[in-house]
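Please look over the structure below with its interfaces, its charged pairs and its confidence values in mind. The briefing that comes after it takes these topics in turn.

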Amino acid sequence: MIDFLQRLVDGVSLGAIYALIALGYTMVYGVLQLINFAHGDVFMLGAMMGWYASSVWTSESRNPSIAGALAVTLFSMLACAAVGLLIERLAYRPLRGSPRLNTLITAIGVSFFLEYGGQLLFGPNPRAFGVLPHRASSVVAGISIGYVDLVTILTSVVLMIVLQRIVFHTRIGTAMRAVSWNPSVAALMGVNIDLVISFTFGLGSLLAAVAGILYASKYPSVHPLMGLMPGLKAFVAAVLGGIGNVPGAMLGGLLLGLAEQLVSGYTSSSWRDAVAFGILILILLVKPSGLLGRGAAEKV
Amino acid sequence: MPFFGGSALKRTGKAVRSWLPFFIAIPFLVLIEQGIALNPALRLEYVFQNINHIGIAIILAVSLNLVNGLTGQFSIGHAGFMAVGGYVSAVMLMRGPQEDPYRIFFVVAMLTGALAAALAGWLVGKPSLRLRGDYLAIVTLGFGEIIRVIIENTPFFGGAIGLSPIPHRADFAWIWAVAIVTILVAKRLRDSTHGRAFLSVREDEVAAEAMGIDTTGYKVRAFVISAFFAGVAGALSGAFEGNLAPQSFTFVRSFEVVAMVVLGGMGSITGSTIAAAVLTILPEYLRAVANLRMVIYSIALIALMLLRPRGLLGTREVWDWWRKRRPPRAPGRREASEALIDVRHATIRFGGLTAVCDFSLEVRPRELVALIGPNGAGKTTVFNLLTGVYPPSEGTIKVLGRDTRGLAPHAIAHLGCARTFQNIRLFRELTAFDNVRIGCHHLTHESMAAAVRQGELSDQEEKWVAERTEELLEIMGLTHRRDELAKNLPYGEQRRLEIARALATGPQVLLLDEPAAGTNTREKTELMALIRSIRDRFGVAIVLIEHDMKLVMGVSERILVLDHGVTIAEGLPREIQSNAKVIEAYLGEKYAKEHAAQIAAAGSPR
Amino acid sequence: MRRMSAKFLVCMFALAAACKKEPEGGGNVGAADTGVIKIGEVGSMTGTEATFGTSSDRGIQLAVKEVNGAGGIKGRQIQVIALDDEGKPEEAATAATRLIASEHVLALLGEVASTRSLFMAPKAQAAKVPMVSPSSTNEKVTAVGDYIFRACFIDPFQGYVMAKFATETLKLKKTAILRDVRNDYSVGLAKVFNDNFTKMGGQIVDNESYSSGDVDFKAQLTNIKGAAPQALYVPGYYTDVGLIARQAREVGLTVPLLGGDGWDSEKLYEIGGAALEGSYFSNHYSVDDPSPRIQEFVGKFKKEYGGQVPDSLAAQAYDAAGMLFDAMKRAKDLTGPSVRDALAQTKDYKGVTGDITMDDKRNATKPAVVLKVAKGGKYEFSGRIMPEGLKQSGTEAPAESPKKTEGNTAPNPAPGNRPTPTPTPEVGATSAAQSAANTGQPQGVPAGEHPKK
């Protein structure tokens, strides 16, 4: 039983990270109907920037502190937001009228560019990472919860709440939602489409950066290809929860993390990746709009 | 119309002629292989390694084009099917005979692998193909990964280290012979009525379905055929390299093939072929820049998407330049037959909203019935019920004597009920001629295999379809627009084209959804005449949704009025015009006053 | 816009095409020339395996630089043409073909992964170009033909090494295994360990797997913990092992980890940290071995590559290249068949990873060592891991399982101690002479010491 609970805890902490990345996916998809394949690589850049900031340019990683961690994270967020905006401006904006397939190919191209370019720039070797101060794991009723896990879960919840507020209680949030429903009409209503989309990208990239830092703190091996799988899994999580739906992304992330841990634990663990895809396929066949999404019927 | 001429010799001659390119090519291929490729003195191994890789890439790209390009579905799991075909055939080859001089066993192994891949394609496609664009992409990606994970974890398939040594049974000649076959098959399919069916699915699924095309069936078929050829490519690859490893079948591989299809132009077989060659060779050329190679490749890809998104060739083909135009023929005649729509107490609810309540309608042959009412009354919903887009929550619907519950729209269209759409759903990127031709599709009988074989039946049917299409275009006054893309036609002509397309399906009853929307007075008068002439000439019953009262009153024999999903009146035009409920709900006092004289004087039109 | 973009694309492609270096035409390798001798190298410089390919490449480049600096071979300089295969097997085959057929290389170095070596080998064999793999450990590789060699030991050996160490030195009865299914090296080692450990009377209580690139192993480790093993065998690469060690401790699995030469890298401790202390792995040598040969290599490597400590892949590649050059020196002329023969006769080549001799299956017979990860700071920052080499005194020739027993790695200046391996069909039946090798042990550990657990 303890085992099961431990797996649950592990699943929640893994799921929280998936959720953070999924939030970025879901927002961009909601606004642009684009699966931003490069999102996973922005996440990687977040971790990379964090590593540079804490290990190369400063010595924060040798004496980690909360303040230092926050500073590094902030820097990484800004860097990633800049990258996200750049990608949107250079690669996606020109393709706005094009068929979906073309934009998807471009997204994949950007993803490859970041990965291989990253290998060139940063070198392919993995690097150790640490920005959070070392605290012991808490043990509650025989189950150990890492300090990083607690921080992760807390941060994810806080960020989700902030995001909900932005999306539902601010003007820009309303604009985002308007664009997601009907861009041309929103434009006619005076919404600056370009601004809204850029904002969405920037926001998503900020979240990815935080996810990158937390992920690297939990699995302290940072390298240019680290974003591939988490990116894909986060996308699955977003779809699972209902793409375009913010609480859905959180729920999806959580469920995916749990499923992965439970399936890996109780059956063969090498099928772990297959689990994510299996879930994706299942949900798309059974309820394509996702758990919390609403189906959009096509008017005939 | 069909001709019963031609001796058996003539037929054989025709078959031989159509496969001539292939027969001619084979000796050349063998010659090149034996004389050049396998000649150690020439040291051209590297060149031919690349040439053979190009050949396999062509098979992959052209087959994927069937799905992604022609049918407009978005699959990025091609590598998975390649793996299935490759591994199944490799396992057979490794357990097969040591010597195989005539390659008989190899062919058996290759076909087995390909069939296994086709089966996998069916298993993946059947449930997934009803998903929308991006989702389908991810699902296919997922399946590809799952297949790879299975291979990696199965010792029988060699696990991580792969299978080796695989007997070297395929080289230049085999690879390129198959590549040629793949191109020919794709070309034949594309040029046949099935090819048009694929295109219609890409252009507008809803309209295609309404024209009697089994869209899901066609999607699955495209998927299965493309998976088959991917399997062949996998088998050839294994037999050529002598090795198979799961690392060769990652998502990256699938994506490379997708890039080829997109670069070449979605739907263009020529384009896919050229792009396959370019994208296979390009990384080799970029070797000189070593570490930068992949970075340059990804930038080049992005640049291509940005600068030339339709790919090199768009949907054009190299052989389109050779196309001869078929001359139009005299129009034929169409006989009327018994027709019946019988709706009883149909109700449909969407969640808490009852869109249509207790609706009943009977349409007899050659009747002209109109359905009017304010916006949101449920008129189009009635059409959707009739054509099978939604099943009724209650009540029965019978079209041409058959209960339509559970029938897909294309089946109902096949029974003889055709429609047009409120918002015009033409196949915009196809010509007027092609739009109407697609309407004829469900009446043809040739199978896909026949299309590929270019048998006699396909010739006859193509001819018949072309003639019928010319006739319809002429009746609709659209002959001069024959080769114009549908999206470029003026609005009024687009509407007429849509009607022509619906008529091409050979219906007994035609449903017209606001055919006069956006037309001016003169056009409306012409439309009235057109509607009547259609009814007379084709003997169809017509059910009309319209807001223009002049048109309605001028054309209909019977009118139903809907308001908030409920039939509030039914009867002759003049009865409706003076019906108080109708006036209150829809026509308005002003109308009643203005037309008081007309109502009193006029009887039922024609 | 259309016209412009089409022109632009044409220009880009032309540019890319112009970048293509023309392969040199004609020329038999080794014909009486005074030109450079061309050697081909195939490795994964980009892609998921890039870190291994670049490491290997560095070892090779260093070896080339040295040999050229010393005057080359037979008076001619060596030129290495290195091609990237992106970690893809069919690319490895293409690269090999290009090197053989277009660049007319005399010999090939590569690849690190057995799968890719298997794709390359048939090409080399057919063209009679000798090929030396630095690190492919799957038996099938050299079985492709008599032109294929390797400078490392094979899976059956290493797996045996650890199994023996676990049973005899650590006196373990129960272990679990966590292998990387995506990596044939790991799968091979795990299988051999499994077979040998059980044969030696032990019990494998749990068998789990992961895929390289995974980051979360909690599920598997929790299972393993539940099976209560005395140790956990993790024959994977350092890129994953570091994380595995950490998470093992996090789930409360305190038993030592055991591993293979894939662990060897400064990154291991960097990522794994204190979680690794008390664990053991089999390797070719120890980077801290004070023997001059090794230290000289480490020093040169660090100097050449900005302070980076060589990992086992770099060392093996260095030796593979060195072994090839040594054979080329001994060969009667510089043609494929002659070099091949010389390679086959390699005996006691003094590599940094041990004294290498080719057996009749063209696999390297050389000793392995087991190292312990003891208390200490991370490699990079506070010095280094302090491994304590543990050696086995052991001379038995295991009945059917192949491979010699371990000796110590110390490149021992006393030649008499070197065992003369007899090229028997099952590789390496040992002779008693070998145990004498123990005496010259420069490591601080006298024979017979047991590790403190």
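What follows is a briefing on a predicted model, arranged by topic.

**Chain B against chain A**

- On the side of chain B, 46 residues are in contact with 40 residues of chain A, and B:D134, B:Y135 and B:I138 supply 16% of the area that chain B buries there, which is more than any other three residues.
- Helix 5 (104-128), helix 6 (133-153), helix 11 (251-264), helix 13 (293-307) and helix 14 (379-386) of chain B each give at least two residues to the side that touches chain A, and helix 6 of chain B provides the largest share, with 13 residues.
- By class, the side of chain B that touches chain A consists of 31 nonpolar, eight polar and seven charged residues.

**Chain C against chain A**

- Here 29 residues of chain C are in contact with 28 residues of chain A, and the rule for polar contacts finds seven residue pairs across the interface, both residues of each pair being at pLDDT 80 or more.
- The elements of chain C that give two or more residues to the side touching chain A are helix 2 (50-69), strand 7 (203-210), helix 8 (218-227), helix 9 (238-250) and helix 10 (266-272), with helix 9 of chain C giving the most, six residues.
- The side of chain C that touches chain A holds eight nonpolar, twelve polar and nine charged residues.
- The count between chain C and chain A is one salt bridge, in which the side chains of C:K218 and A:D10 meet at 3.6 Å, N to O.

**Salt bridges within chains**

- Side chains of opposite charge can pair when their charged atoms come close, and a search of the whole structure finds 53 salt bridges over all chains.
- In chain B, the side chains of B:E470 and B:R482 meet in a salt bridge at 2.8 Å, N to O, and this pair links distant parts of the chain, with B:E470 in helix 18 (residues 456-475) and B:R482, twelve residues apart from it, in the loop between helix 18 and helix 19 (491-504).
- Both partners of that pair are buried, since B:E470 has a relative accessible area of 5% and B:R482 has one of 9%, under the 20% limit for buried residues.
- In chain C, C:D355 and C:R293 form a salt bridge at 3.2 Å, N to O, which joins strand 12 (residues 354-358) to helix 11 (residues 292-304) across 62 residues; C:D355 counts as buried because its relative accessibility is 6%.
- C:R330 forms a salt bridge with C:D326, with the closest N and O atoms 3.0 Å apart, and because the two residues are four apart in helix 12 (residues 312-330) of chain C, they are separated by about one helical turn.

**A buried aspartate in chain C**

- C:D85 is found in the loop between strand 2 (78-84) and helix 3 (89-102) of chain C, and at 0% relative accessibility it counts as buried.
- A polar atom of the side chain of C:D85 lies 2.8 Å from the backbone nitrogen of C:G87.
- Apart from neighbours within four places in sequence, C:D85 has contacts that include C:S44, C:E91, C:E111 and C:R116.

**Confidence in chain B**

- The mean pLDDT of chain B is 84, and 90% of its residues reach 70 or more.
- Over residues 1-6 of chain B the pLDDT stays under 50, and the model has seven contacts for them beyond four places in sequence.
- Residues 323-337 of chain B also have a pLDDT below 50, and this stretch has 25 contacts in the model beyond near neighbours in sequence.
- Where pLDDT is low, the predicted coordinates should not be read in detail.

Notes. Residues are numbered from 1 along each chain as its sequence is written. Chains are lettered from A and ligands numbered from 1 in the order in which they are written. Side-chain values use heavy atoms; hydrogens and water are left out. Contact means heavy atoms within 4.5 Å. A salt bridge is a side-chain nitrogen of Lys or Arg within 4 Å of a carboxyl oxygen of Asp or Glu. A polar contact is a pair of N or O atoms within 3.5 Å; within protein, one must be able to donate a hydrogen and the other to accept it, and residues adjacent in sequence count only if both atoms are side-chain atoms. Ala, Val, Leu, Ile, Met, Phe, Trp, Tyr, Cys and Pro count as nonpolar, Asp, Glu, Lys and Arg as charged, and the others, Gly among them, as polar. Buried means under 20% relative accessible area, exposed over 50%, partly exposed in between (1.4 Å probe, protein chains only). pLDDT is the predictor's confidence in each residue, from 0 to 100. Buried area is the accessible area (1.4 Å probe) that two parts lose on being put together, summed over both.
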